[in-house]
Amino acid sequence: MKVLIAGGSGFIGRHLVGSLVKDGHEVVALSRGGQPKPPPPGARFVTWDARSPNGDWANELSGAQAVINLAGASIGSRRWTRRRMEELISSRLSATTALAQALERTPADRRPFVLVNASGIDYYGDRGDEVITDDGAPGDSFLARLSQQWEAAAQKAEPLGVRVVRIRTAMVFGREALAFRLLTLPFRLFAGGPLGNGRQWFTWIHVDDINAVAPDVRREGEVAKEIGRVLHRPAFVPAPAFILRLALGAQSQLLLHGRRATPAKAQGLGYRFKFGGLREALEDVTARR
Ligand SMILES: NC(=O)c1ccc[n+]([C@@H]2O[C@H](COP(=O)([O-])OP(=O)(O)OC[C@H]3O[C@@H](n4cnc5c(N)ncnc54)[C@H](OP(=O)(O)O)[C@@H]3O)[C@@H](O)[C@H]2O)c1
């Protein structure tokens, strides 16, 4: 199968490229910078500007069976100034719109069957103890609104006969994952503990299972204790919500918002998680190799 991955040079993209190549698929990754260093073996990198459907990259859609869209400015790596927040939105909307427009220009009988669009669990906003499944209503936070706009841009491919799959990914656990490294850094410095009151529900997924959320959803305070246990570090230094809000502004929603989301659809389809339990996922990701 030929698979096109927009944002294939990123953390999730590189993992997916490796796994698809290993399974014998032909993988074409779109990147604004072309071939990354070191390049993931087996994939072909093609340059695009992530803003318009023009360019040779669009020819790669013809004859591909699937497109996976992971492109967008990093949510966690830089402080959310007004300008950065605009970039978080525009980078995702432009890239997704360019893909949908390029799909429209691709002859119908050569179009991919499916577009997988990877937005985030933040689609649901901050939901207290409510149990959320894939059909849950959207929330009202900055990231919730961003996710809705992003998904709406992807949906434009549906009238073209392309099935659009919306994956709302939780925080991805992986050795190279920036968000995971930031989450565990205070523990490594002997200063880890619950974020806010620690009662917000924390969803996560191991990168080897990459879909939406793992079934073992816990309150954040329990996750903090589990991280402490696995890293053999104390986990009792709280980071009060007001300090996180003061230090991070709107970006604190990444740490303080909770969603009790369950992978009902994946489980209903019989998906077997490689890492369904929090402890084993943390042990795998933090193990010395
Ligand atoms: N990692 C997580 O925990 C997580 C959780 C939920 C949702 N997600 C979403 O899943 C997607 C992939 O996540 P990731 O962790 O792999 O992200 P990542 O490592 O930051 O990679 C994102 C990719 O997007 C491209 N990109 C960066 N800035 C861009 C811009 N301004 N315009 C267009 N493309 C740009 C980059 O490719 P080039 O520089 O090569 O063009 C990069 O490879 C993201 O959209 C993210 O929001 C991630």
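The model is predicted, so local features need a pLDDT of at least 70 and side-chain atom pairs count only at pLDDT 80 or more, while totals for chains, interfaces and linings use all residues. Residues are numbered from 1 along each chain as its sequence is written, and side-chain values use heavy atoms, with hydrogens and water left out.

**Salt bridges**

A search of the whole structure gives 16 salt bridges, each defined as a side-chain nitrogen of Lys or Arg within 4 Å of a carboxyl oxygen of Asp or Glu. One of them joins Glu 60 to Arg 44, with 3.0 Å between the closest N and O atoms. Because Arg 44 belongs to strand β3 (residues 44-47) and Glu 60 to the loop between β3 and β4 (66-69), this pair ties together parts that are 16 residues apart in sequence. Helices (H or I, at least four residues) and strands (E, at least two) are here DSSP runs, numbered from the N terminus.

Another salt bridge, between Arg 84 and Glu 87, has its closest N and O atoms 3.1 Å apart; both residues lie in helix α2 (residues 82-105), three residues apart and thus separated by about one helical turn. The side chains of Arg 166 and Glu 151 also form a salt bridge, at 3.9 Å from N to O. Here Arg 166 is part of strand β7 (residues 163-169) and Glu 151 part of helix α3 (residues 142-155), so that parts 15 residues apart in sequence are tied together.

| Residue | Relative accessibility | Class |
|---|---|---|
| Arg 44 | 37% | partly exposed |
| Arg 84 | 5% | buried |
| Glu 87 | 35% | partly exposed |
| Arg 166 | 43% | partly exposed |
| Glu 151 | 3% | buried |

**Aromatic pairs**

The structure holds seven aromatic pairs, in which rings of Phe, Tyr and Trp (its six-membered ring) have centres within 6.5 Å, with planes under 30 degrees apart counted as stacked, over 60 as edge-to-face and the rest as tilted. For Trp 48 and Trp 57 the ring centres are 5.1 Å apart and the planes stand at 75°, so this pair is edge-to-face, and both residues are buried. Trp 80 and Phe 142 are likewise paired edge-to-face, because their planes meet at 65°, with ring centres 5.2 Å apart. This second pair links distant parts of the chain, since Trp 80 sits in the loop between β4 and α2 and Phe 142 in helix α3, 62 residues apart. Trp 80 and Phe 142 are both buried. Ring pairs also connect Phe 173, Phe 180, Phe 202 and Trp 204 into a cluster.

**The second largest pocket**

Two or more lining residues each come from α1 (11-22), β4, β5 (114-120), β7 and α8 (264-268).

By class, the lining comprises 26 nonpolar, seven polar and 11 charged residues, where Ala, Val, Leu, Ile, Met, Phe, Trp, Tyr, Cys and Pro count as nonpolar, Asp, Glu, Lys and Arg as charged, and the others, Gly among them, as polar. Because domain 1 (2-169) and domain 2 (172-286) both give residues to this lining, the pocket lies between them; the domain bounds come from an automatic or database assignment.

**Single residues**

Ala 50, although not a glycine, has a positive phi of about 60°. Ala 50 is placed in the loop between β3 and β4 and is buried, with a relative accessible area of 11%. Phe 190, also a residue other than glycine, has a positive phi near 65°; Phe 190 lies in the loop between α4 (178-188) and β9 (201-202) and is exposed, at a relative accessible area of 51%.

Glu 220 is a residue of helix α5 (residues 220-231) and is buried, with a relative accessible area of 2%. From C-alpha to C-alpha, Glu 220 and Arg 78 are 23 Å apart in space, and they are 142 residues apart in sequence.

Note on methods:
Buried means under 20% relative accessible area, exposed over 50%, partly exposed in between (1.4 Å probe, protein chains only).
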